[in-house]
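Thanks for coming, everyone. Please bring up the sequence and the structure, and I'll walk you through a few parts.

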Amino acid sequence: MSGHGRGIWRRSVRSFCADAESYVGDMKLLTGITKSSLITVGLLAVIAVGLPGCDGYGIRDKEDPKWWQNMVMYQIYPQSFYDTDGDGFGDLEGIKVKIPYLCELNVTAIWINSFYESPMKDHGYDVSDFKKIHRKFGTMSDFKALMTKLDTNPCGDKKEMRVIMDFVPNHTSKKHEWFQKSIDRVPGYNDYYVWMDPKGWENGKPIPPNNWASVYSPRDKGSAWEWNEGRRQFYLHTFTKAQPDLNLRFSEVRDALKDIMKFWLDMGVDGFRMGAVAHLIEDPQFRDENPWWDHRHTQNLPQNYAVIKEFRRFFDEYDKVNHRVTFMAVDAYASQRDARRYYGTFKAPGAHYPLNYLLLTDFNADTDAVRLKSSIDDYLRHLNDFQLPNWLSGNHDWSRIPSRLEASTSVDLVNMLNLLLPGSSCVYMGDEIGMDSYWNIDKDKRRSEHVDDYRMPSRTPFHWNKSQNAGFTTNKKPWLPVNPEFYRLNVEVERNPPCEECSTHLRNFKELVQLKKKDAFVYGPLHTYALTDFVFCFTRENSKKIYVTLMNLDKEWSESFDIMDAIPELTHAISDNVEVWTPNLNECKKNTTVSLCFDRLRSNNWSMPPKSGLVLSYIKNDPPENSKEDDDDELQTYEDDDYEILKSYEYETDEN
């Protein structure tokens, strides 16, 4: 078989393995059918013989992962992280001061939200100069000091901590020099932005070119066009009027953006999270669309993917010249199909990955085990071999976990999924300690520009300790009020719980990060199960151990179950350890003998508390010899049928 054929075969088998495993799990759940019986239909045999492509998920077996391939990326919203100068506003120096905490978390990289020079009409995402830093965050010297600190073995283990910056190539501030020159039609800048003549005039007022709506106001059909009297044309603003859209059809604009990225890469930045990429290119004919649900002319156009591929070529060329490994993630709110296209193809790659929002969009307080299993399986099933999965717990635009899932212990469940499913993980600061959105924020204590911003409850200052303003600032009035729950949910309290064996969100998070670095979670296969309507389970394994993550998603006690019914591989395994447990399962560790919890799992009469979870480890133990021989006989019996199944998948082509 040719190399190209092997690649297609491996990817098609990967898809087949996912389909087969999902089918096996569903059949076992619905009918109680046995493992040996399923072999007779020629499905499980394919998995049992360990064909290539069934595991790895973007990382080849025993291949050293690149730093971004199994990373834990920690998102820092800098104005809310830590204030060092007492102005009530977090700064870059605050990140540097808190590097020991980042080392404690053992994160691979920090993603710092926008800190560019800006009028701050959209909290720094209306950039007026991409090569300068807003004074509230500090100076360029502060940034260089942060980079120097991170380059001098800050964690004491010779492990680098990478820096990823925010970068939004879709728009700038209207205060940007480029926009001012474009208004004046300065040669070279005339086409830097999306300008259009009016569709007509009504009562002496210009009519917008079409009905495109700003994404900030689609329900009331607020226009995405703003008239500029100086140029006597409309400019496009997908977001606020203060953020005119760049014209990325213009090659000079793309080159200018690459120059900005090179500026920061030369200072040691390791990559970028690119925001708003769904909006990079618009329909050249400027046709109308339904501004509420139909965005075929303004979002995820084919040219968007071409722009991202061009940026990826820039990164790859930069790496070759500078002997670096840089990184690009893209943030595109899109269907799973459209989002996957941002990966590019094997021969023409795009982003290293598009951020995956399934744990935000598909996981809420009412999600059951079957729906969660289906969502995870479907996401992974559609990825090709070179496409790395990734997950995130939240971000600065979404409600925090306890609000989304209506329970504080849900924080641990989301972190288990985020950190132990295959691929890379992104964690929004505060999700490791269980911070919640502050919905009852007193509007009188907010600055005027923040009063009606729905995102503010999720952006409140970080909880460091029980002192005034949670140790975030010495200023009596921080830029946003601190959530009053800080007294019980903060780093200091969760580092030192009242009992040695007590579970805390922070303790659990650190244990999960340690597990993520083990071979079973880097290279091992994934098996997912719906044990009951609301008990979800998945396993990861290596040659010696099986790790079982078990969680009750319900708001009530689960139905009784026996884990052995669903995972026959555990029949001969030896109980090893309870690795992580939510606070409402402390009895699993309070006992001096760990085996008690395992015995209850085997009892066929154990139910889990609401919103609870465990991570267990088992040591593999070979079954008796006669069982092995029986299995081998069945595999041999159906070998020819299995070959025909595989052959039927051999000539599938890539989705891309």
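**A sheet, a helix and some salt bridges**

Let's start with Glu226, which is partly exposed because its relative accessible area is 25%. Some ground rules. Buried means under 20% relative accessible area, exposed means over 50%, and partly exposed is in between, with a 1.4 Å probe and protein chains only. This is a predicted model, where local features need pLDDT of at least 70, side-chain atom pairs count only at pLDDT 80 or more, and totals for chains, interfaces and linings use all residues. Residues are numbered from 1 along each chain as its sequence is written, and side-chain values use heavy atoms, with hydrogens and water left out.

Now the overall picture. The protein has 22 helices and 20 strands. Those are DSSP runs, numbered from the N terminus: helices are H or I with at least four residues, strands are E with at least two. Of the 656 residues, 58% are buried.

Back to Glu226. What stands opposite Glu226 in β10? Tyr235 does. Glu226 also forms a salt bridge with Lys241, with the closest N and O atoms 3.8 Å apart. That pair links distant parts of the chain: Glu226 sits in strand β9, Lys241 in the loop between β10 and α8, 15 residues apart. Lys241 is partly exposed, at 49% relative accessible area. A salt bridge here is a side-chain nitrogen of Lys or Arg within 4 Å of a carboxyl oxygen of Asp or Glu.

Next, the sheet. Three strands form an open sheet in the order β6-β10-β9, with antiparallel pairing. β6 and β9 stand at the edges with a single partner strand each, so one side of each has no neighbour in the sheet. Strands count as paired if DSSP finds at least two bridges between them. β9, residues 225–228, pairs with β10 over four bridges. Two bridges join β6, residues 195–196, to β10.

Look at Phe234 in β10. Met196 stands opposite Phe234, and Phe234 is also the bridge partner of Trp227. Which way do the β10 residues point? Gln233 and Tyr235 go one way, Phe234 and Leu236 the other, and all are buried. In a regular strand the side chains alternate between the two faces of the sheet.

Between β9 and β10 is a hairpin with four residues between the strands. Arg232 lies in that loop. Arg232 has a positive phi of about 60°, although it is not a glycine. Most residues other than glycine have a negative phi. Arg232 is partly exposed, at 43% relative accessibility. Lys611 has a positive phi too, about 50°. Is Lys611 buried or exposed? It counts as buried, at 5% relative accessibility.

On to helix α8, residues 251–265.

The structure holds 30. In one of them, Asp122 pairs with Arg455, the closest N and O atoms being 3.0 Å apart. Both lie in loops, so the pair ties together parts that are 333 residues apart in sequence. Asp122 is buried, at 6% relative accessibility. Arg455 is buried as well, at 9%. Asp122, Asp397, Arg455 and Arg459 are linked in a network of salt bridges.
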